[in-house]
Amino acid sequence: MTTGTYWQAIDRFRAVVRTDPDRVAIRYADGAGPDGLPAYRRLTYRELDLWSDTIAERLAASGVGTGTRTIVLVLPSPELYAIMFGLLKIGAVPVVIDPGMGVRKMLRCLRAVDAEAFIGIPQAHALRVLFRRSFRTVRTAVTVGKRWFWRGESLAAWGRTPTGTVPTGSSPAAEDDLLLIAFTTGSTGPAKAVQMTHGNLAAMVEQVHVARGEIAPEASLITLPLVGVLDLLLGSQCVLPPLIPSKVGATDPAHVASAIEKFGVRTMFASPAVLIPLLEYLRTHPVELKSLDSIYSGGAPVPDWCIAGLREVLNEDVQVVAGYGSTEALPMSTIESRELLDGLVERAHQGAGTCIGRPSHRVQARIVAITDDPIPTWAHAEELAEGLESSRGIGELVVAGPNVSTRYYWPERANAQGKIVDGDRIWHRTGDLAWIDEQGRIWFCGRKSQRVVTADGPVFTVQVEQIFNTVAGVARTALVGVGTRGAQRPVLCVEIRPDADADTVLAALRALGAQSDHTTMIKDFLVHPSFPVDIRHNAKIGREQLAVWAAKQLGVRTQ
């Protein structure tokens with residue numbers, strides 16, 4: 001049976017099923033073995049294909065098809081991948097969101113998409129039932145796990161083998177058709193619903209493949225579900241270590257190292273919240289990890305000392321790649337550790353910002369003058385270009401490319417604020433401040449919304465923090481502004497290592513601050529016990545919360 005359209009990239013998955021059906025698609029943790037480490041089960045490509053066909057069949061029978069917006073609130077698991085592939089096979093539109101943003105924010109976001117189907121774990125359905133008005137358009141409900149006190153379908157009851165003719169899209173969708181709605185976390189601004197098209201996701205598959213030298217990944221360790229979907233389309237064996245999405249930083253590094261060894265993992269994607277504990281573990285528990293070829297980091301800038309440390313504990317030929325991207329554009333740029341450690345870290349420590357590399361395959365990057373107002377057209381951006389002189393060439397990074405989302409589904413005003421029309425091309429305003437050097441490398445200087453605007457001009461967070469993070473005893477720093485914008489008081493919040501003396505560290509910070517033009521204006525240094533971080537990667541610092549805390553500490557009234 002044919003039903004509407006489907007995502008053409010699914011043909012890559014079907015090709016693997018045809019040629020190598022017994023290849024392992026997913027290894028997933030299930031309990032513990034005698035050694036206390038996770039025990040794993042496996043799912044082959046044939047099994048995943050049949051399971052996703054079953055889901056497609058049952059969803060189609062309930063009226064889900066091309067364009068049906070379907071909320072998916074499922075933990076990283078084989079079920080999640082079977083559901084995603086089932087939806088994509090019939091052209092439905094998955095809606096994904098981080099529950100960790102908080103119930104009130106999440107309900108507001110999900111209400112805006114008017115979803116017609118809801119697939120989730122019991123806790124998610126409990127929310128759906130308790131707040132019915134937010135999900136009034138939902139007609140199909142599927143529970144992943146045990147149903148509590150509501151009606152609807154159960155994923156387990158559907159089984160994993162189709163009972164009849166499997167519904168499939170009759171033709172590939174157009175590149176500009178909507179494929180997926182993904183919400184930003186709202187960690188550095190209001191959460192927004194990002195429209196990802198069939199062309200956007202197909203380009204991501206290509207970019208991931210090119211970034212790896214067009215070499216099949218074989219086995220990859222997955223800590224971000226989207227990367228798992230892309231890798232399955234490339235024929236990878238995806239290894240899912242046990243982790244809690246809202247507490248990625250709590251992932252046991254021993255479990256990560258064990259999975260790499262056990263399954264011969266060649267490549268992994270992880271945030272600094274995973275890589276830093278892994279580095280500490282490998283320093284105290286030396287393991288060769290012979291199979292590992294590459295590590296890709298994302299979610300937040302990975303500290304240079306972590307990159308250098310990984311180079312020390314891993315095999316010499318391992319690539320450690322720092323990536324930069326967002327929900328709207330993944331990836332935007334990358335840089336390999338050897339280039340980063342060849343003089344660029346020293347420049348960062350002198351106030352240049354953090355080098356995040358050159359634009360990714362087929363991505364273009366430019367800098368526009370800093371403004372909080374809409375920039376409707378590129379001609380308008382050119383009119384504002386003189387403003388870059390007052391900010392030393394630092395402006396907002398804008399990107400365009402086949403993987404870059406050109407539109408927000410919600411709120412509508414985000415399109416005026418976040419996109420620039422340039423003929424047939426749409427530039428995405430990243431909200432990140434940066435400059436581009438003579439070799440085309442992008443230097444990240446901080447979030448636009450987090451810049452500190454003093455009476456003497458703007459001060460950029462990452463430029464300042466990279467200078468202060470070099471002080472012995474400092475775990476990390478965060479620059480915030482207190483008071484009225486335009487006359488803000490710059491304050492450095494400091495996390496101190498457990499074995500360091502606070503007074504000694506603060507004295508060293510003040511002495512260093514007096515030596516650089518980037519930092520001489522900073523007179524206030526406050527020790528904070530543990531910085532708030534984002535929920536997706538547990539890595540982006542919540543400077544907005546820190547600014548409120550700092551104002552209270554200093555007795556400054558906030559606006």
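User: Where does valine 103 lie?

Analyst: Valine 103 lies in helix H4, residues 103-113, where helices are DSSP runs (H or I) of at least four residues and strands (E) of at least two, numbered from the N terminus. This is a predicted model, in which local features need pLDDT of at least 70, side-chain atom pairs count only at pLDDT 80 or more, and totals for chains, interfaces and linings use all residues. Residues are numbered from 1 along each chain as its sequence is written, and side-chain values use heavy atoms, leaving out hydrogens and water.

User: And what is the relative accessible area of valine 103?

Analyst: Valine 103 has 43% and is therefore partly exposed, a class lying between buried (under 20%) and exposed (over 50%), with a 1.4 Å probe and protein chains only.

User: Switching topic, how do the axes of H2 and H3 cross?

Analyst: The axes of helix H2 (residues 45-61) and helix H3 (residues 78-89) come within 8 Å and cross at roughly 55°; axes are lines fitted to C-alpha atoms, for helices over the stretch in contact, and angles run from 0 to 180 degrees between N-to-C directions.

User: Now the strands: is threonine 354 buried or exposed?

Analyst: Threonine 354, in strand S18 (residues 354-359), counts as buried because its relative accessibility is 12%. Its C-alpha atom is separated by 9.5 Å from that of leucine 340, 14 residues apart along the chain.

User: What about leucine 433, which strand is that?

Analyst: Leucine 433 is found in strand S23, residues 425-436, and counts as buried at 0% relative accessibility. Leucine 433 and asparagine 415, 18 residues apart in sequence, are 19 Å apart in space, C-alpha to C-alpha.
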